[in-house]
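This briefing sets out selected features of one structural model, grouped by topic. The sequence and coordinates are shown first, and the description follows.

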There are 4 protein chains.
Amino acid sequence: MKNSINVGLVGYGFMGRTHSNAYAQACKFFPHTIHPVLKAVCGRDPVKLQTFADNWGWESTETDWRKLIERSDIELIDICSPNDTHMDIVLAAAKAGKMIICEKPLAKNASEARLMVDAVKKAGVPNMVCFNYRRVPAVTLAKRMIDEGRLGRIFHYRAKYLQDWTMSSNLPIGGPTLWRLDAKAAGSGVTGDLLAHSIDLALWLAGPIQELTAMSKTFITNRPLQADPSKSAKVEIDDACAFLARFKNGALGTFESTRYARGRKNQNTFEINGELGTIAFDFENMNVLEYYDHRADSAYRGFSKIQVWDGDKHPYMGNWWVPGCGIGYEHTFIHAISDFLYGLEQNTKLCPDLEDGYKTQLVCDAVLASAASGSWQQL
Amino acid sequence: MKNSINVGLVGYGFMGRTHSNAYAQACKFFPHTIHPVLKAVCGRDPVKLQTFADNWGWESTETDWRKLIERSDIELIDICSPNDTHMDIVLAAAKAGKMIICEKPLAKNASEARLMVDAVKKAGVPNMVCFNYRRVPAVTLAKRMIDEGRLGRIFHYRAKYLQDWTMSSNLPIGGPTLWRLDAKAAGSGVTGDLLAHSIDLALWLAGPIQELTAMSKTFITNRPLQADPSKSAKVEIDDACAFLARFKNGALGTFESTRYARGRKNQNTFEINGELGTIAFDFENMNVLEYYDHRADSAYRGFSKIQVWDGDKHPYMGNWWVPGCGIGYEHTFIHAISDFLYGLEQNTKLCPDLEDGYKTQLVCDAVLASAASGSWQQL
Amino acid sequence: MKNSINVGLVGYGFMGRTHSNAYAQACKFFPHTIHPVLKAVCGRDPVKLQTFADNWGWESTETDWRKLIERSDIELIDICSPNDTHMDIVLAAAKAGKMIICEKPLAKNASEARLMVDAVKKAGVPNMVCFNYRRVPAVTLAKRMIDEGRLGRIFHYRAKYLQDWTMSSNLPIGGPTLWRLDAKAAGSGVTGDLLAHSIDLALWLAGPIQELTAMSKTFITNRPLQADPSKSAKVEIDDACAFLARFKNGALGTFESTRYARGRKNQNTFEINGELGTIAFDFENMNVLEYYDHRADSAYRGFSKIQVWDGDKHPYMGNWWVPGCGIGYEHTFIHAISDFLYGLEQNTKLCPDLEDGYKTQLVCDAVLASAASGSWQQL
Amino acid sequence: MKNSINVGLVGYGFMGRTHSNAYAQACKFFPHTIHPVLKAVCGRDPVKLQTFADNWGWESTETDWRKLIERSDIELIDICSPNDTHMDIVLAAAKAGKMIICEKPLAKNASEARLMVDAVKKAGVPNMVCFNYRRVPAVTLAKRMIDEGRLGRIFHYRAKYLQDWTMSSNLPIGGPTLWRLDAKAAGSGVTGDLLAHSIDLALWLAGPIQELTAMSKTFITNRPLQADPSKSAKVEIDDACAFLARFKNGALGTFESTRYARGRKNQNTFEINGELGTIAFDFENMNVLEYYDHRADSAYRGFSKIQVWDGDKHPYMGNWWVPGCGIGYEHTFIHAISDFLYGLEQNTKLCPDLEDGYKTQLVCDAVLASAASGSWQQL
């Protein structure tokens with residue numbers, strides 16, 4: 001069996017950092033037989049790119065992602081560039097027979113995503129979309145608890161993803177760092193950026209959504225342009241978006257995300273109420289899963305704060321430190337890369353793969369369509 | 001000025017207890033010039049009624065509310081009987097020139113409520129609907145903070161009211177204690193029982209709602225009859241209900257209530273995100289208001305846990321104990337009765353009056369209509 | 001059997017209010033056969049006294065506690081006056097054959113307390129010292145859990161009682177309201193006022209203390225006199241006091257109390273670590289008991305937040321409202337009076353009685369002695 | 001200026017891992033001009049050692065620390081071996097002119113530590129003892145707040161360090177992994193292992209301790225030998241230890257640590273009460289610092305939960321991710337190594353250096369002496 005895999009990374013922004021770190025750390029903490037080799041990183045600004053490559057140990061650089069894909073020494077293309085580049089890169093990488101890891105949201109919309117899924121299926125290449133929050137140990141534990149039947153029939157799924165970083169009307173639009181406010185680059189606002197995470201978790205934890213109705217809002221409708229602050233542009237992304245959903249299993253869902261919740265920095269939460277118990281998660285306190293076990297002695301039960309850091313009992317934690325020693329945001333990416341490697345090593349389905357990403361995109365599209373039309377959308 | 005007011009109470013169930021206690025306590029802790037006299041309590045079971053009257057110090061009993069209203073020594077009718085009796089009692093009491101306190105929800109629907117408002121207006125009698133959660137000191141403080149401009153422009157209003165007491169399929173429907181599951185007696189399920197509270201607070205704190213879209217669900221569709229458990233009846237109330245709303249001030253609202261959230265006993269919460277700050281409340285920790293003040297020193301700000309028990313600073317608390325000494329559920333009713341007395345003493349608008357209750361009922365009706373039709377409802 | 005008991009209350013300050021309220025409420029919520037009658041209240045200022053009596057429904061007043069005791073219509077003397085009056089009143093009341101309830105600390109020191117215990121024993125009168133925190137439902141539940149063996153062998157007992165109300169150097173000493181700062185009236189500072197509560201709970205929950213070593217401090221050593229703020233007096237009470245203890249059962253104890261902990265208003269806490277589990281309590285969140293059950297499934301255990309408001313399962317709560325509806329500070333006194341009545345009705349030992357109060361006083365004396373000498377004290 | 005530093009690590013256990021990771025990560029996240037080179041790692045088991053070296057990228061191995069020190073290519077000796085080896089290694093390394101990083105506790109006792117300090121002073125080599133909890137951003141922030149005068153005069157310092165990992169009586173003593181239970185290897189139990197951390201933080205945050213009185217206890221007095229579980233040995237370390245202290249600044253301190261607190265895994269906490277405010281920290285929720293600011297508006301103040309993850313405002317966090325993205329245990333070591341490098345680059349005092357470690361050791365010795373004698377110890 002091969003014992004290394006040559007990685008070509010596209011993008012050296014925030015996600016480029018998280019992935020670079022993940023490649024360096026994954027094999028130090030998890031016992032892999034396949035080791036990633038940081039072969040090349042690709043970006044448009046050669047000076048910044050070289051600094052990034054030097055810092056993280058990328059062996060070479062490319063300023064054109066097409067060249068990166070053409071290189072015969074690259075086996076895995078990891079896409080950390082803005083959303084509007086995902087499709088073209090995936091199509092080309094698949095065609096070239098490369099393995100693919102793609103940051104979320106998979107695409108700007110479901111029709112793009114469909115083409116991407118078709119391409120990787122046709123090419124038969126391993127592929128994964130990087131919904132990192134599945135890899136928070138507390139969230140992975142939640143999945144295990146649901147699969148074990150600890151919640152029983154699910155009645156309610158309740159998700160929020162709240163931030164506050166775009167509340168200033170001075171914050172400009174566009175450019176390399178603020179493309180998330182530019183509908184052309186991002187596809188959508190919080191729907192693709194934040195709700196996509198909440199939807200991915202919901203589909204994983206509670207199964208398919210059958211129908212939904214949504215509302216969205218752009219609170220600040222004009223912003224200065226990053227390239228030229230004397231000019232302004234109309235903001236076309238959604239600043240906030242919420243929807244009601246019915247799951248196929250009969251549960252009701254409520255979802256909300258915004259970048260206008262003062263004081264909430266990255267509050268990605270869910271609560272699931274089942275017949276036998278409730279679990280609740282808040283990423284701002286990521287080492288904890290709250291659990292109410294209805295089957296426990298009724299005089300002494302309550303919401304338990306499970307500190308998810310026991311190596312013997314909790315996902316991923318056996319490879320880190322000891323109980324009482326929490327981990328952080330970056331570890332979710334290390335786990336994602338490690339899980340990708342395990343998938344290759346054990347020849348199991350990568351999870352979530354691009355098809356899973358497509359399913360999330362279908363829900364995102366339905367959310368945006370419902371927010372525009374005011375009517376329920378079937379899925 | 002009169003220094004007493006003769007009260008006739010209708011209903012001796014759970015709400016009858018909270019009100020009886022409130023009449024006894026209000027003047028011991030708040031310096032009123034008008035003192036309520038517990039003149040008569042009315043209920044259908046004379047034996048239980050007498051026990052109740054003896055316990056709480058009601059001077060006399062009646063088994064027919066019409067007789068209670070006819071009594072010339074009764075000046076205030078306080079209605080704590082099931083929802084389907086509210087209208088008739090209010091109409092009769094108003095006609096008889098009695099002051100009126102009515103438990104929430106005001107009526108089974110807005111058209112009933114409209115008639116009630118017209119009746120009290122025509123009669124010119126003081127009237128109040130008892131939305132007790134306005135009288136939680138932390139909630140009253142929230143109102144003051146909003147009025148002072150501490151939140152600035154409001155972007156989001158987020159309310160939940162979660163319980164779990166009807167999850168057992170063995171729980172019967174109907175009868176004196178479980179009329180809340182009977183659509184005929186209750187009008188609706190969680191919408192009238194729980195969402196009405198959330199809506200009342202939202203209208204008070206964030207102003208009118210312009211439009212909404214809702215979904216509801218009955219999880220357990222058949223239940224044994226309380227009167228004859230060998231028979232069952234179709235459940236026609238909503239077990240859970242959620243809606244999305246747009247406020248007139250441009251804010252987005254999400255509301256959810258259910259009786260199927262394991263482990264949540266009376267979790268009445270709201271969070272309001274404004275330009276300048278956020279406040280968050282959870283009745284299960286009722287002596288606390290969380291506050292994020294964006295204007296504070298950015299290195300040292302965070303969500304502050306305001307313990308709302310400082311007599312010099314916080315609503316109502318100057319009349320209780322000392323800082324560090326919390327109050328409980330029953331105090332919200334004592335505050336409501338005390339506020340009613342202050343209104344009489346100072347001849348100010350009672351708040352919320354039946355017209356306020358009617359406005360909440362309009363929203364409830366829109367929620368139920370939207371849940372039935374699947375379309376947005378304008379208000 | 002007698003169905004009433006005539007009460008004479010000494011003191012109409014803060015504790016006079018809590019007790020007056022408790023007498024009024026106890027029988028409304030708890031099914032007693034013996035009902036207290038508010039016969040007379042005693043205080044030195046006749047005007048304020050009459051206002052107090054009118055407010056709370058005391059039938060008559062006395063300005064000399066000796067007269068109160070002499071009255072043949074008084075059966076129970078309830079002592080809510082400053083600490084330095086407790087002994088004389090108890091001795092006289094016992095001699096007169098009255099039942100006795102005495103606020104804590106029982107006395108200024110153990111030798112006084114010893115005389116008081118001897119007096120009530122000789123007189124054979126029912127007696128109770130009012131350590132109200134035993135009657136917090138969460139604390140009573142903790143006692144039950146320990147008695148059930150849920151903690152197993154106890155290793156650690158950790159108590160804090162933190163306040164901040166005397167931190168201002170402008171706060172005067174002495175007088176009717178600030179006698180707690182006057183060593184002559186109070187006997188000691190935080191040791192008698194706060195530590196006495198912590199010690200009472202510790203002895204009740206974890207058993208006798210064998211030895212201890214203490215330190216204390218007076219942070220503000222001179223204060224203006226309340227009677228004449230132009231003059232100042234030396235402060236002779238302890239502002240803060242902490243001690244280490246060894247329990248007879250082998251557990252280690254740490255205790256601390258202060259009135260100089262900014263932001264802590266009435267933070268009376270304990271945590272008990274046993275072989276099988278841990279419980280933790282904080283009065284500032286009094287409806288909650290935290291519980292770590294080591295015997296639970298190790299993957300899913302954590303500190304459970306038991307919301308102690310379930311009527312079927314939790315002490316006292318079946319007589320209040322419904323789950324989700326918390327109670328407050330005043331209820332601890334209502335429970336104390338109710339328990340006193342149950343004790344009379346069922347002819348069981350009142351708990352804690354004056355002998356229990358004496359044992360707590362012995363520990364307080366040892367704390368003060370050790371703080372003075374710097375050496376371990378045996379008990 | 002040199003731009004690299006060759007590291008020789010002694011020990012490949014738990015601390016060896018944390019330091020190895022720290023060397024790899026420090027320069028990726030912090031902009032250093034001096035980069036550590038992982039030159040050699042030293043341990044006794046050559047097979048395990050090689051596996052460790054391969055995993056972490058150590059260029060070579062040594063099985064005798066004396067040889068490591070002799071190597072001319074090694075510039076920095078980092079000591080992660082058991083406590084009883086620290087002194088000899090430091091003395092030799094200093095003599096050889098190597099820079100030194102030493103894990104805590106610095107030594108088995110203060111006389112050892114004194115020799116070590118003398119040695120590094122004589123040699124004039126840069127040196128640091130690795131009290132990693134100073135490098136939790138929330139703790140560093142606490143230090144800044146105190147230095148800024150945000151607490152004012154300090155009245156109370158309250159520290160706990162609670163674990164539960166040695167509660168099983170089956171846990172053996174001695175050997176490579178459980179030397180912490182062996183007094184010969186560890187010097188002491190929780191005093192050196194846990195209290196040393198609490199004391200280091202206290203001296204840093206609140207200044208010198210003047211006197212103290214302590215108690216300690218060994219709960220399980222005999223344990224099987226790891227080498228031969230059929231035999232048992234007397235346990236000579238302290239399982240739990242607590243002390244009362246007076247700081248030079250007049251504040252009172254309480255300290256407690258144990259390995260017998262069920263459910264507490266690594267609960268390293270402190271609370272500091274000052275005239276102007278209180279701060280509280282709990283490592284089990286390490287991204288948070290609680291702060292009560294007495295100078296804030298009295299109606300709206302409370303304990304603020306400062307989420308210490310704002311890059312612009314909070315120590316270290318500008319080099320990690322974005323607000324809302326917490327860090328974990330391992331980052332404290334990365335910060336320690338980074339701070340060591342900054343010290344070299346900027347030629348500033350390393351903090352804490354071995355002299356600081358010696359001062360902590362003096363307090364530890366006083367604690368053990370007082371626990372043995374039962375009397376107050378002066379410092």
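Just after helix α6(B), Gly149(B) adopts a positive phi of about 85 degrees. The model is a predicted one.

**Helix α6 of chain B**

- Helix α6 of chain B spans residues 137-147 and is mostly covered, with 8 of its 11 residues buried.
- The buried positions in α6(B) are Pro137(B), Ala138(B), Val139(B), Thr140(B), Leu141(B), Ala142(B), Met145(B) and Ile146(B).
- Packing against these buried residues of α6(B) are α8 (190-206), β14 (277-282) and β15 (288-293) of chain B.

**The parallel sheet of chain A**

- In chain A, 6 strands make up an open sheet with parallel pairing, in the order β3-β2-β1-β4-β5-β6.
- The edges of this sheet are β3 (60-62) and β6 of chain A, each of which pairs on one side only.
- On average, neighbouring strands of the sheet are turned by 25 degrees against each other, direction ignored.
- Within the sheet, strand β1 (residues 4-10) of chain A pairs in the parallel sense with strand β4 (residues 76-79) of chain A over 4 bridges.
- Gly8(A) has Ile77(A) as its bridge partner in β4(A).

**Domains of chain A**

- The domain assignment divides chain A into domain 1 (4-131) and domain 2 (134-378).
- Taken over C-alpha atoms, the centres of domain 1 of chain A and domain 2 of chain A are separated by 23 Å.
- Between the two, 35 residues of domain 1 of chain A are in contact with 35 residues of domain 2 of chain A.
- On the side of domain 1 of chain A that touches domain 2 of chain A, at least two residues each come from α1 (14-29), β5 (99-103), α5 (110-123) and β6 (127-130) of chain A.
- Helix α1(A) supplies the largest share of that side of domain 1 of chain A, with 8 residues.
- The class composition of this side of domain 1 of chain A is 22 nonpolar, 9 polar and 4 charged residues.

**Chains C and D**

- The contact joins 31 residues of chain C to 31 residues of chain D.
- Strands β7 (154-162), β8 (209-217), β11 (240-247), β12 (252-258), β13 (267-274) and β14 (277-282) of chain C each contribute at least two residues to the side of chain C that touches chain D.
- That side of chain C consists, by class, of 13 nonpolar, 12 polar and 6 charged residues.

**Chains D and A**

- Here 19 residues of chain D are in contact with 19 residues of chain A.
- Helices α2 (46-56) and α9 (330-346) of chain D each provide at least two residues of the side of chain D that touches chain A.
- By class, this side of chain D has 7 nonpolar, 8 polar and 4 charged residues.

Key: Residues are numbered from 1 along each chain as its sequence is written. Chains are lettered from A and ligands numbered from 1 in the order in which they are written. This is a predicted model: local features need pLDDT of at least 70, side-chain atom pairs count only at pLDDT 80 or more; totals for chains, interfaces and linings use all residues. Domain bounds come from an automatic or database domain assignment. Two residues are in contact if their C-beta atoms, placed from the backbone, lie within 7 Å. Ala, Val, Leu, Ile, Met, Phe, Trp, Tyr, Cys and Pro count as nonpolar, Asp, Glu, Lys and Arg as charged, and the others, Gly among them, as polar. Two strands pair if DSSP finds at least two bridges between them. Axes are lines fitted to C-alpha atoms, for helices over the stretch in contact, and angles run from 0 to 180 degrees between N-to-C directions. A residue is buried if 20 or more other C-beta atoms lie within 10 Å of its own, exposed if 12 or fewer, and partly exposed in between; C-beta atoms are placed from the backbone.
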